[in-house]
Every structure is written in structure tokens, then in C-alpha cells.
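User: I would like to go through the labels attached to this model and see what each one rests on. Please set the values against the cut-offs.

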Amino acid sequence: MTTPSSAEPPVLLRREGHAAYVVLNRPRAINALTHEMVGLITDALHDLAADDTVRTVVLLGAGERGLCAGGDVVAMTEDAKVGGTAAAEFWADEYRLNALIADYPKPYVAIMDGIVLGGGIGLSAHAGQRVVTERSSIGMPETGIGFLPDVGGTWLLSRAPGETGTHLGLTGGSVGAGDAIATGFADHYLPSALIPDLLKALAVRDADEVLAELEEPAPASPLLEARTWLDEAYAGDDVLTILHRLRATGRDDAIRAADTIEAKSPTSVRVTLRALREAAELPDLRAALDLEYRLALRFHAGHDFVEGVRAQLVDKDRSPRWSPATVAEVSDADVASYFAPLGERELGLSSRADQS
């Protein structure tokens, strides 16, 4: 993998043969995504799409800990405290980048080695070729910080087999390589020791050919094995009913899931469940990103996002004071208010053909 220098920019570009390598370069922060990085990646992808000498684009992260630990949510909550617009501008550009990646005209290979969370999912899970390893830990932990699975997370989770995506979305859990492939977040498994061979081969050979040669059988998927109770417990649109069903199974893993959900932001859990159900009926990723943008702005203006980030990432007391405090106290009107149109502030990705 790439060894960075403190003087280097947060996104590195290098060429080898007919491949271009886009390297997220903030290893101390597990390559957490900033607005500057979104702009650099967007510009690079546009330039590489127009470069006839580039046949394959490869995304990877500097360091050994992971591809990307998500966006800089601490900065976003500081923006929320002053009623700023920086977070809204970041999400707008980030979601446009997610759509660009999904529609990219050349092979785009994402190396999802190590930790891949939140915004890192948006950079990788919409790629044409998604590679996981024995070190991969893939997750959308947003309900734990008073937010929602965004960057197209609702689109991906709502299309996972059965109710596996609902389980992941509400609990905010992370999964390994086998589950990532089974739920549609990744395509190919290979040992991390083979990554250097993969990167070298992509410079001179077609991505499909190289991956078919190097990939190994995916590990088993515990989530697929648990579908007998997951699908029954998570069916429907009511969080309280889901919690009751989970506890009624008498299974330790189901009861742990219920405990986990009840520790998350009650508003986030309820809004996320409705968002997953709505995303399942949407025509494409762009429409889902439009919906997520609407919800993101509402969470940014609410109480739980600032409080969740404070408890998990700033003070780290792990004792968020949610408001409302329980799922039962979150009204249908509260949930509906998050989905109300934004008017002139709508992102409008689904109404535009461009990828700018």
C-alpha cells in the first residue's frame, strides 16, 4: 500500500500502465473524508474519464487500517451548532460524487480493505468492481450518532437479501467480507497479501480478467444463515413491533440486536426504517441520494446528530441523551417532518442527467 508523507495532499494520484490509482491519504484518520477530498476525487474522476490512455481507475486508502472511516462528522456538528451551511454543501458534493462513481464510464475498482464506514461506503460500494479481504470491516453506523445511512446506504441496504439490510441499518453494525458480498456491498474476495499483485496486474490487464484470476471463494455469510429469524423479526414498518419480535425469539443474538437498536437514536431508527422502505421503491440511486439529502439536512438541524457525535466521538462518554428518549416517544408527525420537501434546497440529482 502507499506510504504517505505529511507534506502530501489528502488525495494522491499515480499512474502505472493503463491504470490510474486514486489514493485517500489521511491514514492517521483512517482516511476520513473531507470536503477538500471530495472535490479532489471528483475532479480526478472527470479528468480520468476523458483520458483515453486510462482504462482502469483504482480506489485505495493509504496506511494499513482501512480505506475510509467515513466523513468528518465532528466538523459537521460544529457547523450545525452555528446554523451553518458547510455540511449541506459537503453532502451535496459528496452525493454528486457517489452518483458519478455509480455511473462511471470506465472500470472502477474499489479496494475495500480494512475499515470502510459511512462516507467510505459511498466511494466504494457503488463501484463497478468491489474487492474485500479478510481484514474488511464494512458498516453504516449512523443510527448511533443520530443520523441515517446516507451516501446511497438506503439504496444498498434496501436491496440486500430479505431483511438483512434492515438489520444492518437499524443496528448500525459492521460486517466482514462474506456478509459484505452476500448483502451486495462487494463483489470479490481475495487475501490482503494479494493486493500488491492485484494493483500491479491492473496496470497491464483488464480488471475483469485479473479479478477472475486472483479472487478466492468468499467466506460464509452469518447474516444469510440467520435469515430464518431476521426476515420474520424485521418485517413491516413499525420499530416497536420489530423490537417485540426480536425479544420474542428468545435468541441471544436477536435480543442483543434489540438492545443495540434501543441504544441508538430513537428518531434515527424510526426515520431510517421509513427511509429503507421508501428507498426500496425508488427507481435508481440518484433518487435515493435526493431523499437522503433531504433527511441529512433535517438531522443536521435537529438535536440528536450533535448529541450523538458528542457522546461517541468528542466527549466519548458513550452516554447520548437522545430527544425524544425512546422509540415510543417519537411520533408519526416527527418522522413525517423529516421527509417533507426542501423546496429550492432539494438536491435534484434524479432530475439531472449530468454528473457534475
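User: Where does S158 lie?
Analyst: In this predicted model, S158 is in the loop between α5 (153-157) and α6 (164-171).

User: What makes the pair S158 and R159 a polar contact?
Analyst: The two side chains are 2.8 Å apart. The cut-off is 3.5 Å, and residues adjacent in sequence count only if both atoms are side-chain atoms. Here the contact runs from side chain to side chain, so the pair qualifies.

User: Which residues is S158 in contact with, leaving aside neighbours within four places in sequence?
Analyst: L276, A279 and A280.

User: Why is V151 called buried?
Analyst: Buried means under 20% relative accessible area. V151 has 0% relative accessibility, so V151 counts as buried. V151 lies in the loop between β8 (137-139) and α5.

User: Why is R318 called partly exposed?
Analyst: The class sits between buried, under 20%, and exposed, over 50%. R318 has a relative accessible area of 49%, so R318 is partly exposed. Phi of R318 is also positive, near 55 degrees. R318 is found in the loop between α16 and α17.

User: What else is found in that loop?
Analyst: P324 has its place there. A cis peptide bond joins S323 and P324, with omega about -5 degrees. Most peptide bonds are trans.

User: Which residues of helix α16 are buried, and what covers them?
Analyst: In α16 (residues 304-314), the buried residues are D304, F305, E307, G308, V309, R310 and A311. The cover includes α2, α3, α14 (266-279) and α15 (285-301).

User: Which residues have the most contacts inside the largest nonpolar core?
Analyst: W91 and L246, in a core of 92 residues. Helix α3 (residues 86-102) gives the most to this core, with ten residues. Leaving aside neighbours within four places in sequence, W91 is in contact with residues including M76, F147, Y293 and F305.

Key
Residues numbered from 1 in each chain as written. Predicted model: local features only at pLDDT ≥ 70, side-chain atom pairs only at ≥ 80, totals over all residues. Heavy atoms only, no water. Core = buried A, V, L, I, M, F, W, Y, C linked by side-chain atoms within 4.5 Å. Buried < 20%, exposed > 50% of the residue type's maximum accessible area, 1.4 Å probe, protein only. Helix = DSSP H or I, 4+ residues; strand = E, 2+ residues; numbered from the N terminus. Contact = heavy atoms within 4.5 Å. Polar contact = N/O pair within 3.5 Å; in protein donor to acceptor, adjacent residues only side chain to side chain.
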